[in-house]
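Please look over the sequence and the model below.

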Amino acid sequence: MWLGRGRAAAARNVSSIQMLSVQPDTKPKGCAGCNRKIKDRYLLKALDKYWHEDCLKCACCDCRLGEVGSTLYTKANLILCRRDYLRLFGVTGNCAACSKLIPAFEMVMRAKDNVYHLDCFACQLCNQRFCVGDKFFLKNNMILCQTDYEEGLMKEGYAPQVR
């Protein structure tokens, strides 16, 4: 198998944020956040509305959404950054190695149907850590490095298969 990156949850209520340059000869647009005219050099367009850069903020952490990325998340009449959306509404799961909870916003590694904390994604015999692109083997739901997998095959007497 080859290593890949995954996420513990995927968000569905995603909208893009566009930064637009205000043309001096156009009528100022109204801000959806404060209802005042936008006279700044730049404005944000999100959710089919226009915003001052300072007015488009996460309802939880108050971060300026135009600065943290090009997407925002909406649910239950809240405008949220990715981290808070996943923290509040994401699906959590358990790590296949340590059985502890994996928060929805945390980066994970996947092998077939198993999900792992990044720190837990290692050979379960010798604790060798894997990097993205490294080969690993999944045998009886155990992650193994190539050396331990092949040693196990020699003891059991069958040919290895890379997945």
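Which residue in S4 is the bridge partner of Ala46? In this predicted model, that partner is Lys49. The contact belongs to the antiparallel pairing of S3 with strand S4, residues 49–51, which comprises three bridges. Two residues separate S3 and S4 in a hairpin, and Leu47 in the turn has a positive phi of about 55 degrees.

Strand S3, residues 42–46, also pairs with strand S2, residues 14–21. These two strands run antiparallel and are joined by five bridges. Here Ala46 in S3 stands opposite Ile17.

Turning to charged side chains, the structure holds four salt bridges. Arg64 and Asp54 form one, with an N to O distance of 2.7 Å. Both residues lie in the loop between S4 and H1, ten residues apart. Arg64 also forms a salt bridge with Glu53, where the closest N and O atoms are 4.0 Å apart. That pair sits in the loop between S4 and helix H1 (65–68), with eleven residues from one to the other. Glu53, Asp54, Arg64 and Glu67 are linked in a network of salt bridges. Relative accessible area is 27% for Arg64 and 23% for Glu53, so each counts as partly exposed. Asp54 is partly exposed too, at 47%.

Another salt bridge joins Asp119 to Arg129, with 3.6 Å between the closest N and O atoms. Both lie in the loop between strand S10 (114–117) and strand S11 (137–139), so the pair ties together parts that are ten residues apart in sequence. Asp119 is exposed, with a relative accessible area of 62%, whereas Arg129 is partly exposed at 47%.

Notes. Residues numbered from 1 in each chain as written. Predicted model: local features only at pLDDT ≥ 70, side-chain atom pairs only at ≥ 80, totals over all residues. Heavy atoms only, no water. Pairing = 2+ DSSP bridges. Helix = DSSP H or I, 4+ residues; strand = E, 2+ residues; numbered from the N terminus. Buried < 20%, exposed > 50% of the residue type's maximum accessible area, 1.4 Å probe, protein only.
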